[in-house]
Amino acid sequence: MAGMIPGMHMANILIYLTGVALVLAVVSIVTNKQKRLAILLLAAYLLLIIVIVFMPGLSDVAMSETSMTMIMKDIGMIGGVLMIAGSK
């Protein structure tokens, strides 16, 4: 995955930090410790992924279908995450 981030010297560290953050969000949600904050941060992270990673792919004809599919998938995940935030 580090090869997908050209020009970045510490790409491996960035990838591992992202993985750790996602695991911590899951642990927070499951244990109900700072659950709402973790859910809102997870939704913001998914929205950021849509804007930074998948939106630029829409301008490329070869990647537009894949990018749109991934955008729809992430929007669905954001909706699911926010539904969990709204539940008691």
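The following questions and answers concern a predicted model of one chain.

Residues are numbered from 1 along each chain as its sequence is written, and side-chain values use heavy atoms, without hydrogens and water. In this predicted model local features need pLDDT of at least 70 and side-chain atom pairs count only at pLDDT 80 or more, while totals for chains, interfaces and linings use all residues.

User: How many helices and strands does the chain have?
Analyst: Helices (H or I, at least four residues) and strands (E, at least two) are DSSP runs, numbered from the N terminus. From that terminus the elements run α-α-α. The count is three helices and zero strands.

User: Which residues of H3 are buried?
Analyst: Buried means under 20% relative accessible area, exposed over 50%, and partly exposed in between (1.4 Å probe, protein chains only). What covers the buried residues of H3 includes H2, where contact means heavy atoms within 4.5 Å. The buried residues are Ser67, Ile71, Asp74, Ile78, Val81 and Ala85.

User: Is Ser28 buried or exposed?
Analyst: Ser28 sits in helix H1, residues 11–31. Beyond its neighbours within four places in sequence, Ser28 contacts Lys33, Gln34, Lys35 and Ala38. Its relative accessible area is 12%, so Ser28 is buried.

User: Which residue has its backbone oxygen 3.3 Å from a polar atom of the side chain of Ser28?
Analyst: A polar contact is a pair of N or O atoms within 3.5 Å; within protein, one must be able to donate a hydrogen and the other to accept it, and residues adjacent in sequence count only if both atoms are side-chain atoms. At 3.3 Å from the Ser28 side chain lies the backbone oxygen of Gln34.

User: Which helix gives the most to the nonpolar patch?
Analyst: Patch residues have over 30% relative accessible area and no salt bridge, with nonpolar side chains (Val, Leu, Ile, Met, Phe, Trp, Tyr) joined within 5 Å and like charges within 9 Å; a salt bridge is a side-chain nitrogen of Lys or Arg within 4 Å of a carboxyl oxygen of Asp or Glu. H2 (35–54) and H3 (64–86) each supply at least two residues. With five residues, the largest contributor is H2.

User: Where is Leu58 of the patch placed?
Analyst: Leu58 belongs to the nonpolar patch. At 32% relative accessibility Leu58 counts as partly exposed. Its place is the loop between H2 and H3.

Methods: Accessible areas come from the Shrake-Rupley method with a 1.4 Å probe; for residues, only the protein chains shown count as cover.
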